[in-house]
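Dear colleague,

Please find the structure below, followed by a summary of what was found in it.

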Amino acid sequence: MMKVDRNSAKSTQRLILVSNRLPVALDRSDSGEWHITPSSGGLVTALAPILRKTRGLWIGWPGATAEGVDLEQLLAAYRYPLGSITLKAVTLTQDEVQHYYSGFSNETIWPLFHDLHSRCKFDPEDWLVYQAVNRKFAQAIIDNSDVDDYIWVHDYHLLLVARELHAIDPGRRAVFFLHTPFPSVDIYDKLPWRQQIMRALLEYDLIGFQTLRDRSNFIHCAESLTKGLYVNARKRLAVIQTPSRELRAGVFPISIDFREFSRLAATKEVVRRSIQLREDIPGCRIILGVDRMDYSKGISQRLKAFRNALERFEDLRCKVTLVQIIIPSRAHILEYQKLKAEVDGLISEINGQFAESGWVPVQYMFRSVDRAELAAYYRAADMALVTPLKDGMNLVAKEYCASNVDENGVLILSEFAGAAVQMRRNAMLVNPYDIEGVANTIYKAYNMGGAERKDRMRRLRNSIRRHGISWWASRFLQAANYTKQQSTIEVQFPQ
Ligand code: GDG
């Protein structure tokens with residue numbers, strides 16, 4: 001439990017969370033009825049207590065566009081199961097979804113921030129709509145908040161919200177957390193709107209990054225693009241002074257609800273299912289991959305590494321199965337369709353080349369699985385292969401360890417995932433582009449003795465237990481001076 005400063009004169013300040021997506025999914029049944037289901041996630045779990053206690057508000061896009069249906073009204077009538085959190089929908093037209101979401105967010109900023117600038121589309125129309133939608137979000141904040149409310153904006157879809165807020169009301173303050181990496185100057189400079197975006201980012205009061213490297217990249221980009229900038233990065237929270245204002249930049253590695261994952265993994269249902277999953281592949285160790293279908297996740301490179309391992313280490317054949325769960329994502333974007341075709345092709349090549357009676361080397365699921373099923377896979381897996389080409393953090397790596405209650409699994413982790421900073425000593429780090437290197441590491445992990453596996457996994461789990469999602473949220477909110485100003489609430493951060 002975190003005691004907050006009760007001597008402060010200020011009364012409860014409402015927390016307003018702003019993200020591209022609301023924490024709900026909207027679906028339409030065949031009969032045309034709309035269904036709203038809460039989508040779980042670390043962010044909701046971490047912030048629900050504080051949102052509840054401050055009568056907080058979550059502003060975002062409900063994830064659907066619907067002709068002739070008032071989604072705002074639909075959501076207003078919906079009671080969010082996690083308590084008295086109010087959800088406020090920002091509705092988007094088809095055209096906005098295409099240019100702001102698919103276009104600028106996912107075909108410009110996403111690849112650029114993952115160092116994949118050759119995949120970027122730089123379309124002025126996308127940029128115009130991106131600005132307009134950020135303005136729309138800012139207007140929704142103004143319409144639904146008071147000047148004292150505390151505004152926390154999330155992620156790369158909403159880089160300009162502070163600028164747009166200030167254009168309407170210069171007195172508003174907002175803080176920001178970037179879930180993706182921030183690229184180096186060489187990459188960031190490719191962006192035709194680098195200057196406008198940097199200026200807009202400097203209008204936040206606090207910016208949180210996943211790793212020190214992301215923050216350093218940001219500071220270098222800011223320095224190279226802004227005259228008269230003074231930076232003191234020696235403190236834990238870097239202080240950045242522009243000619244007109246001052247802001248802070250910090251490092252807050254996001255995490256998961258450790259307790260929730262380890263509790264789920266120990267339930268009867270999950271234990272039973274994980275035993276069954278192992279029995280379904282008798283005599284084989286399970287290597288697990290869980291990713292959104294995204295080129296940043298390095299799925300093709302991972303499959304090539306697995307193939308290389310089977311080619312060079314014959315004793316792995318019939319002894320390991322790669323279970324690859326891939327969640328469909330951004331399927332309307334051409335690059336993602338091409339990636340799916342490539343992944344499908346590689347899997348069928350590997351299975352065609354190596355499968356024998358009773359053994360299929362790659363088991364592939366292209367769909368989402370429910371949380372208990374995911375926990376059963378995490379628990380059943382002898383190894384997790386988490387090999388993104390670049391990743392802000394990568395929560396799968398942490399979820400795998402939290403669910404590995406038997407402490408006998410091995411985590412093979414890309415050195416380019418933000419998670420590698422905290423997990424580098426006890427995970428087996430790989431360069432995902434080094435196909436032979438990853439194959440060698442699979443083989444090493446396969447041969448690792450029980451004592452070493454246990455020792456590494458125990459340390460990984462202890463570190464995630466100590467630095468879970470509530471630790472992340474409380475550190476960010478403290479840095480932003482949010483919790484200090486609370487006089488009437490006690491914020492619980494369970495660990
Ligand atoms: C972005 C950044 C950063 C996956 N499959 C299923 C499922 N999942 C859940 C996992 C995990 C989440 O999706 C994926 O999180 P990641 O961190 O791996 O990746 P991104 O979606 O790219 O997230 C990333 C993150 O933001 C947080 O800041 O770490 O770097 O790119 O939680 O469990 N969940 C269920 N079924 C599935 O089939 N229920």
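**Domains and ligand site**

Between domain 1 and domain 2, about 1,800 Å² of area is buried, 57% of it from carbon and sulfur atoms; buried area is the accessible area (1.4 Å probe) that two parts lose on being put together, summed over both. On the domain 1 side, W110, R119 and I254 lose the most area to domain 2, together 28% of what that side buries.

This is a predicted model, in which local features need pLDDT of at least 70 and side-chain atom pairs count only at pLDDT 80 or more, while totals for chains, interfaces and linings use all residues. Residues are numbered from 1 along each chain as its sequence is written, and side-chain values use heavy atoms, with hydrogens and water left out.

Domain 1 comprises 2-254 + 469-490 and domain 2 comprises 258-466, with bounds from an automatic or database domain assignment. The contact (heavy atoms within 4.5 Å) takes 20 residues from domain 1 and 21 residues from domain 2.

The ligand is surrounded by 20 residues, the closest being H179, I327, V369, D391 and E399; a residue counts as near if one of its heavy atoms lies within 4 Å.

Oxygen atoms of the ligand lie 3.1 Å from a polar side-chain atom of Q210, 3.0 Å from a polar side-chain atom of K297 and 2.9 Å from a backbone N or O atom of G392. Taken alone, the ligand exposes 740 Å², and the protein buries 81% of that (Shrake-Rupley method, 1.4 Å probe).

Yours sincerely

Note on methods:
Polar contact = N/O pair within 3.5 Å; in protein donor to acceptor, adjacent residues only side chain to side chain.
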